[in-house]
Amino acid sequence: MPYRDKRQQKEYLKKYRQKNKGKLKEYQKMRYLRDKIKINQLCKEYRKNNPQKVKDFHKRGQKKYRNKYPEKIKAQRLSKQIRIPFAKLCVDCNDNFAEHKHHEDYSKPLEIVYLCAKCHRERHS
Ligand SMILES: [Zn+2]
Ligand SMILES: [Zn+2]
């Protein structure tokens, strides 16, 4: 035990945890960026190889979607102008970076909840 004093030891542990928390966040950010690049590349390739398929898919999807959730579409269109703040943490888990914008109420398009992908899935399940 490097510290005789319990208070000192506690202080040390606190500092240690804080230091590593920063590292963890940094790591998450790196991983997030790396995955994003990878996914973007895969999407790009797919689009390049299947342009017609992608076009059809979007057309079909949009039409169906629009008929089903007009409020949602409106909310999403309005909230598109709002960007997720840089390095914003998910409000649910406060652990991952927020990647998604979620609406509690589609009739209030500007009330946005910032969530990570996982928590967003959970909110809708
Ligand atoms: Zn989360
Ligand atoms: Zn949502």
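Me: What radius of gyration does the protein have, and what would a compact globule of 125 residues have?
Reply: In this predicted model, the protein has a radius of gyration of 21 Å, whereas a compact globule of 125 residues would be near 14 Å; the radius is taken over C-alpha atoms, and the globule rule is 2.2 Å times the number of residues to the power 0.38. Residues are numbered from 1 along each chain as its sequence is written.

Me: And what box do the C-alpha atoms fill?
Reply: Taken along the principal axes, the box is roughly 70 × 40 × 25 Å.

Me: Which elements are there, in order?
Reply: From the N terminus on they run α-α-α-β-β-α, with helices (H or I, at least four residues) and strands (E, at least two) being DSSP runs.

Me: How far does α1 reach?
Reply: Helix α1, residues 6–49, reaches 64 Å from its first C-alpha to its last, close to the 64 Å expected, where the expected span is 1.5 Å times one less than the number of residues.

Me: Why does α1 lie largely in the open?
Reply: Of its 44 residues the number buried is zero, so α1 lies largely in the open; buried means that 20 or more other C-beta atoms, placed from the backbone, lie within 10 Å of the residue's own.

Me: Which residues make up the largest nonpolar core?
Reply: That core has six residues, C90, A98, Y114, L115, C116 and C119, a core being a set of buried Ala, Val, Leu, Ile, Met, Phe, Trp, Tyr and Cys residues joined through C-beta atoms within 7 Å.

Me: What is Y114 in contact with?
Reply: Leaving aside neighbours within four places in sequence, Y114 is in contact (C-beta atoms, placed from the backbone, within 7 Å) with I84, K88, C90, V91, A98 and K101.

Note on methods: Chains are lettered from A and ligands numbered from 1 in the order in which they are written. This is a predicted model: local features need pLDDT of at least 70, side-chain atom pairs count only at pLDDT 80 or more; totals for chains, interfaces and linings use all residues. A residue is buried if 20 or more other C-beta atoms lie within 10 Å of its own, exposed if 12 or fewer, and partly exposed in between; C-beta atoms are placed from the backbone. Two residues are in contact if their C-beta atoms, placed from the backbone, lie within 7 Å.
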